[in-house]
Amino acid sequence: MLVFAASDKGGTGRSVTSANLAYRSALAGDDVCFLDFDFGSPTATAVFDLPVGDLDVRETGLHSYLRGAIGTPHRVDVWTRTEHSDLRDRPSGSGRLVLFPGDRSGGEFVTGDDQLHRCVDLVLGLKREFDMIVVDLSAGRSYAMDLVLAATAPRGGLDRLKRRWLVFHRWTHQHVRAAAELTFGERGILRAGELLGHRPEELDGSIRFVRAAVADLDSPLWAQVTPAQYAWLRQCDQRLEQLAAVLGIGESRVLASIPLEPVLQWQERLITDEDVFDRRIADHGTLDSLDGLTRRLYDDSHWGEL
């Protein structure tokens, strides 16, 4: 399965949530690889808590591979290389968890036929090794997005692979509008895909939304606000639901809502069972949402035309 993580803006929780998705999938027994196609700001190495040597990938990462400078991109076995104390001993029954990082200072770059062929060759090769390939894209209508849309088009080479698109946004008016524009706008995913030969209904059926940093107003975190503040927050939440429905990204298209998690406000990291049950620094609701996202990703009943 190919999973594309997209967002119109930075700061949506796209990279950290998709990394957690990869981690939870590996815990469940799948072999998972994570491709850092966030060419403008490749930061997945930090989310997986890798040592300094792996953070400083230069001239061997995905940028260099796609540009043709190297024949095989650098890969990191997360279980054996991470400095995260909870991941050092690979859990029994877990699958592989491998990161393909971008070059640290690679930056955005124009893609063409050569990059397209290298992208297709890479993914087809990884398909033989892994059950899930998570591709974290740069924010907005980026070169990275254009590249994978071309690769998954009928003549691209990856059109027969099962694909999921996750569009991430924070739960604010600005982000809701931006996510809808990225998907349905004149230069959005659907229009760009159609121009490349994608069937609009099929591409549309492969897109779902993930809301991040959503305030659960019934949780203890919000118990101390005043009655006036609580009423105002409730009103905002209702208006956002109405706006999302009007823009076509309402509840029926939402695959998961990730709660506002204090731990993730301070550090972009993997949320582990130990964080919730032993240290008690992360909320149960966050873990439940991440597990629910992972299950629904595989469940075909949540996908297809609406």
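Visitor: How do the residues of the lining of the largest pocket divide into nonpolar, polar and charged?
Guide: Residues are numbered from 1 along each chain as its sequence is written, and side-chain values use heavy atoms, without hydrogens or water. The model is predicted: local features need pLDDT of at least 70 and side-chain atom pairs pLDDT 80 or more, while totals for chains, interfaces and linings use all residues. Ala, Val, Leu, Ile, Met, Phe, Trp, Tyr, Cys and Pro count as nonpolar, Asp, Glu, Lys and Arg as charged, and the others, including Gly, as polar. The lining comprises seven nonpolar, 10 polar and six charged residues.

Visitor: Which residues lie nearest the centre of the largest pocket?
Guide: A pocket is an open set of points on a 1 Å grid where a 1.4 Å probe fits, with protein on both sides within 12 Å along at least five of seven lines; lining residues have an atom within 4 Å of a point. The largest pocket holds about 400 Å³ of space and has 23 lining residues. Nearest its centre are G11, T12, G13, R14 and E268.

Visitor: Which element gives the largest share of that lining of the largest pocket?
Guide: β7 (207–214), β8 (254–259) and α12 (262–266) are among the elements that each supply at least two residues. Helices (H or I, at least four residues) and strands (E, at least two) are DSSP runs. The largest share, four residues, belongs to α1.

Visitor: What element gives the largest share of the lining of the second largest pocket?
Guide: This pocket, of about 310 Å³, is lined by 15 residues, among them W171 and L240. Two or more come from each of β7 and α11 (227–246). The largest share, five residues, is that of α11.

Definitions and conventions. Grid points are joined across faces, edges and corners, and a volume is the space filled by probe spheres set on the points.
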